[in-house]
Amino acid sequence: GNFLNNKNEYYPKAVYDAIHLLHELYDLKIPIYVTENGTFDGENIQRDPQTGMLMDNDRIKYVRGFLEWLEKAMEEGFDVRGYYLWSLMDNFEWSGGMSMKFGLMENDFETQERKWKKSAYWYQDVIKNRGLKD
């Protein structure tokens, strides 16, 4: 479906469509940087029972989808130079306070302890490999 959960629409092709629209409507030929893209943990996030790590599989699916469509645009010759994932750590979100967790790293707001989520390890591999691998 088009939804990761009942509060967050998931349509990663939107980034590809937007690049094409900008090119077709405005003949845009400047470098493209996606400066803020990501999603929150979701309501059904689970912890690994052995390690305690948050298994944010929806975030991995979300980011992978956007990166796949950006890769397709690049293969077509569009000058995509950067992608900035939102966000490194859980933080205060204007619309959700501290209840919506957007970070690759879990932040305990009381103790300030930070732990890697599954998506942080996955994204580390994406960066190390300079792209997605199947």
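Modeller: Leaving aside its neighbours within four places in sequence, Glu-93 is in contact with Trp-86, Met-100 and Phe-102, where contact means heavy atoms within 4.5 Å. This is a predicted model, in which local features need pLDDT of at least 70 and side-chain atom pairs count only at pLDDT 80 or more, whereas totals for chains, interfaces and linings use all residues. Residues are numbered from 1 along each chain as its sequence is written, and side-chain values use heavy atoms, with hydrogens and water left out.

Glu-93 sits in the loop between strand E6 (80-85) and strand E7 (105-107); strands (E, at least two residues) and helices (H or I, at least four) are DSSP runs numbered from the N terminus. Although Glu-93 is buried, it has no salt bridge, and the nearest side chain of opposite charge, Arg-59, is 8.7 Å away. Buried means under 20% relative accessible area, exposed over 50% and partly exposed in between, with a 1.4 Å probe and protein chains only. Lys and Arg count as positive and Asp and Glu as negative, with His and the chain ends not counted, and a salt bridge requires a side-chain nitrogen of Lys or Arg within 4 Å of a carboxyl oxygen of Asp or Glu.

Strand E6, together with strand E3 (32-37) and helix H2 (57-75), is among the elements that cover the buried residues of H1, namely Val-15, Tyr-16, Ile-19 and His-20. Seen down the axis of H1, these buried residues fall within an arc of 135 degrees, so they line one face of the helix, the arc being that of the directions from the helix axis to the C-beta atoms. On the other side of H1, Glu-24, Leu-25 and Tyr-26 are exposed.
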